[in-house]
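Have a look at the fold before reading on.

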Amino acid sequence: FAVVDVETTGGAAWRGHRIIDISIVEVLGGEIVDEYESLVNPGRTVSPMITGLTGITTEMVTGAPYFDHIAEEVERRLRGRVFVAHNVAFDWGFVSTELLRSTGDAPDVPRICTVRMCRRLVSGLRRRNLDEVTRHFGVEIHARHRAHGDALATARVLLRLLDEASGRGIEDLSTLQW
């Protein structure tokens, strides 16, 4: 699994917003085996609202690589893995858009949403945002609203959800995706 989180300049890639922070946490054989993170220069300013949420300023990303410069590494870390995110449509939307813009292609990888998994496997939660889910599983988030902190927490949640699914006899990808 490649557990991904991005922080962005705003809410939608199709509106021209860009990634400013990305992290990919690799999960293999029931454990976290590798981690990648990078700030990303979006080629535009970071709004005060986004800075207030993430702590990421325009000055912080000005010296960071453009997505074009990390696209090959991102694609390599996704290839052959299941793309996992807490609200996968958001993160995949940005990552696939940036990869298409940079390389002309985005890998055709299966995707799993931990929000959807929580709906099916942890039905007692009132809300399924990352704060609520991590609290339920006793997972700490060391840097909330930063890509690495959120991706690492999501990877730990994924491991708990996979245990939960396994306890119900769910062990194949298509059933997990459902």
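What follows covers the aromatic pairs and then a hairpin.

This is a predicted model, so a word on ground rules: local features need pLDDT of at least 70, side-chain atom pairs count only at pLDDT 80 or more, and totals for chains, interfaces and linings use all residues. Residues are numbered from 1 along each chain as its sequence is written, and side-chain values use heavy atoms, with hydrogens and water left out.

Searching the whole structure turns up two aromatic pairs. Rings of Phe, Tyr and Trp (its six-membered ring) pair if their centres lie within 6.5 Å; planes under 30 degrees apart are stacked, over 60 edge-to-face, and the rest tilted.

| Pair | Centre to centre | Angle between planes | Type |
|---|---|---|---|
| Phenylalanine 83 and tryptophan 92 | 5.0 Å | 75° | edge-to-face |
| Phenylalanine 90 and phenylalanine 94 | 5.0 Å | 55° | tilted |

How exposed are these residues? Buried means under 20% relative accessible area, exposed over 50%, and partly exposed in between (1.4 Å probe, protein chains only). Phenylalanine 83 is buried at 1%, and tryptophan 92 is buried at 12%. In the tilted pair, phenylalanine 94 is buried at 2%, while phenylalanine 90 is partly exposed at 27%. Both of these phenylalanines sit in helix H4 (residues 88-103), four residues apart, about one turn of the helix.

Now the strands. Helices (H or I, at least four residues) and strands (E, at least two) are DSSP runs, numbered from the N terminus, and two strands pair if DSSP finds at least two bridges between them. S2 (residues 19-28) and S3 (residues 31-39) run antiparallel, joined by eight bridges. Isoleucine 24 has tyrosine 36 in S3 as its bridge partner. The two strands make a hairpin with two residues between them, and glycine 29 in the turn has a positive phi of about 60°.
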